[in-house]
Amino acid sequence: MSEEHTGHCLCGAVRFRTQGQLREVVACHCSQCRRQTGHFYAATNVRDEGLAVEGGENVTWYRASDTASRGFCRVCGSALFWKGDGSDYTSIMAGAFDQPTGLRIGVHIFCADKGDYYEIDDDAPRFAQGH
C-alpha cells in the first residue's frame, strides 16, 4: 500500500493529498523563504504524479526567481508549495500537512542567511548555502 498524506491551507480553500514517499524536511533559512513565511521554510516534497490538489484555482504562483515559483493560497495567504523549473517534484510546506506526519528535519540550508533572532539547535546537517 502506498504512503498517503493529506493537508490544507489555513482557510481550507486549498486541500491536497499526496501518495508516495515524502522526502525528509529541508529547512531553508534564505532571505526569500524568511520573508515569505516570517520564519524559515520547512518543506518536504513528492513526485508530481503523487500530488492531487483540490481548490487549485485558489493557488497563486509567484515567480520568486529565475529558476522557481512559490504557490500560496490566494484566499488566506498560506504558503503551500515551491516548484523548481523542470522538476518532477513539488515541495510542500511541512506545516500544511494533517498530523501525524511522521516527518523530521533532515537538513538545514542557507544557514549563512538565517535570522538573527533564533538558533538552530537540532543535530541535522547544516550548510551555509544550498545542498
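**Entry 1: Glu4 and Arg17**

I began with Glu4, which makes a salt bridge to Arg17 with the closest N and O atoms 2.6 Å apart. The pair joins distant parts of the chain: I found Glu4 in strand β1 (residues 4-8) and Arg17 in strand β2 (residues 15-19), 13 residues apart. I note here that the model is predicted. Next I looked up accessibility. Glu4 is partly exposed at 41% relative accessibility. Arg17 is also partly exposed, with a relative accessible area of 39%.

**Entry 2: the salt bridge count**

How many salt bridges are there? I get 4. I took up two further pairs in the next entries.

**Entry 3: Arg47 and Glu49**

I checked Arg47 and found its side chain in a salt bridge with that of Glu49, at 2.8 Å from N to O. Is Glu49 buried or exposed? Glu49 is exposed, because its relative accessible area of 63% is over the 50% cut-off. Arg47 has a relative accessible area of 35%, so I logged Arg47 as partly exposed.

**Entry 4: Lys83 and Asp48**

I then looked at Lys83, which forms a salt bridge with Asp48; the closest N and O atoms are 2.4 Å apart. Lys83 sits in strand β8 (residues 79-84), while Asp48 sits in the loop between β4 (41-47) and β5 (51-54), so this pair ties together parts 35 residues apart in sequence. Is Lys83 buried or exposed? Lys83 counts as buried, because its 19% relative accessibility falls under the 20% cut-off. Asp48 is partly exposed, with a relative accessible area of 29%.

**Entry 5: from Lys83 to strand β7**

I followed Lys83 across the strand pairing. Which residue stands opposite Lys83 in β8? I found Ser69 there. β7 and β8 pair in the antiparallel sense, over 5 bridges. They form a hairpin with 5 residues between them. In that turn I noted Gly77, with a positive phi of about 85°.

**Entry 6: the other neighbour of β7**

I turned to strand β6 (residues 59-63). β6 pairs with β7 in the antiparallel sense, again over 5 bridges. Here I picked out Thr60, which stands opposite Phe72 in β7. β6 and β7 also make a hairpin, with 4 residues between them.

**Entry 7: burial of β7**

Why is strand β7 (residues 68-73) largely enclosed by the rest of the structure? I found 5 of its 6 residues buried, so the strand is largely enclosed. I logged β7 with its pairing to β6 and its pairing to β8.

Note on methods:
Residues numbered from 1 in each chain as written. Predicted model: local features only at pLDDT ≥ 70, side-chain atom pairs only at ≥ 80, totals over all residues. Heavy atoms only, no water. Helix = DSSP H or I, 4+ residues; strand = E, 2+ residues; numbered from the N terminus. Buried < 20%, exposed > 50% of the residue type's maximum accessible area, 1.4 Å probe, protein only. Pairing = 2+ DSSP bridges.
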